[in-house]
Amino acid sequence: MAETGAPPLPPTSPAHALVSRAEQFVWLTARVLEQRRFAYHFLGGGADAVETALAAYRNEDDGYGHALEPDLRGPASQPLHVVHALRVLDSIGRCGGQRVERVCRYLTSVSTREGALPAVRPGRRGDPSAPSAPVADDPSGELLATGPVVGLLHRNEVWHAWLFRATDFCWQAVDALERTHPYKVGAAVAFLDSVPDRPRAEAAADRLGRLVREQRLAALDPREPGAFPVAPAHASGERLLPHDYARTPGSLARAWFTDEEMARSLRHLEEEQQEDGGWPVRRHRWTPGTALEARPIATIEALRTLRAYGLLS
């Protein structure tokens, strides 16, 4: 029997109008993959349909391409596309088996000597990509790509030879974080939330939480954005809020913020829904098509975060 997602909200639910507006936005604007994901998470749709839609982005090298991650255009496989694919598979309970064995073969083939993943590989040099994802001839391994992949594989109890070296790289990268970047901290959280060594992960997360507050890497009060600096090369509104670090109450990053700070963050997230029913994308809009494709993704993730905190019950 095919797995299905959560049943639809009852029409009398206070959250029904919010989800209903989002549904109209998704049907009007989203790719097939996001339509299937929305149906799975909020309308009781099937996991098979999501996996079939995702398979259209898979390449013969067992990686993913074709602008699965909207900021990277063109058909070539890229590690950041794999991050996106594994998140989708994890969200529907399909992050395992032969499909992930094939992904691990791709990861092995594109890793650096220390077992790390570059965010963007040279690939087809003519393929457009966002200014924040430049193409280098000899890219180095990055926590930004490696941390979420390693975390997702550990979360799903996947064991592969590649994972051992990649885990060591992530530990070294996390331990080395000092003056840092919000997205690197987010990648570290994705790793720490699932890596098996829980005492070490909790200690590392505690240190990162202090770093986030000291460097004002989280906008603790969305009503006062000027009090929290924007990272270099980010868009003017591209600040991460507490819920961006702790997407579920079970995340180690949840302990970084008070109940009041998290409540403000989630209230702001709920209020960010726009008139068309979708949520905005805070990153640079470097081309209209990517913004159009990214907003349904942001909308699904916003709703999933609100539900994780019990606000769509």
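Visitor: What makes the crossing of H7 and H8 left-handed or right-handed?

Guide: H7 passes H8 in a left-handed crossing; the term applies if the near helix is turned anticlockwise from the far one by less than a right angle, and clockwise would be right-handed. Please keep in mind that this is a predicted model, where local features need pLDDT of at least 70, side-chain atom pairs count only at pLDDT 80 or more, and totals for chains, interfaces and linings use all residues. Residues are numbered from 1 along each chain as its sequence is written, and side-chain values use heavy atoms, with hydrogens and water left out.

Visitor: Why are H7 and H8 called oblique to each other?

Guide: Helix H7 (residues 161–176) and helix H8 (residues 182–192) pack at an angle of about 130°, with axes 11 Å apart. Angles under 35 degrees count as roughly parallel, over 145 as roughly antiparallel, 65 to 115 as roughly perpendicular and the rest as oblique, so H7 and H8 are oblique.

Visitor: Which residues make the contact between H7 and H8?

Guide: Contact means heavy atoms within 4.5 Å. On H7 they are Thr-167, Cys-170, Trp-171 and Val-174, and on H8 Ala-188, Phe-191 and Leu-192.

Visitor: How do you know which class the residues of that contact belong to?

Guide: Ala, Val, Leu, Ile, Met, Phe, Trp, Tyr, Cys and Pro count as nonpolar, Asp, Glu, Lys and Arg as charged, and the others, Gly among them, as polar. The contact of H7 with H8 therefore divides into six nonpolar, one polar and no charged residues.

Conventions
Axes fitted to C-alpha atoms, helices over the stretch in contact; angles between N-to-C directions. Helix = DSSP H or I, 4+ residues; strand = E, 2+ residues; numbered from the N terminus.
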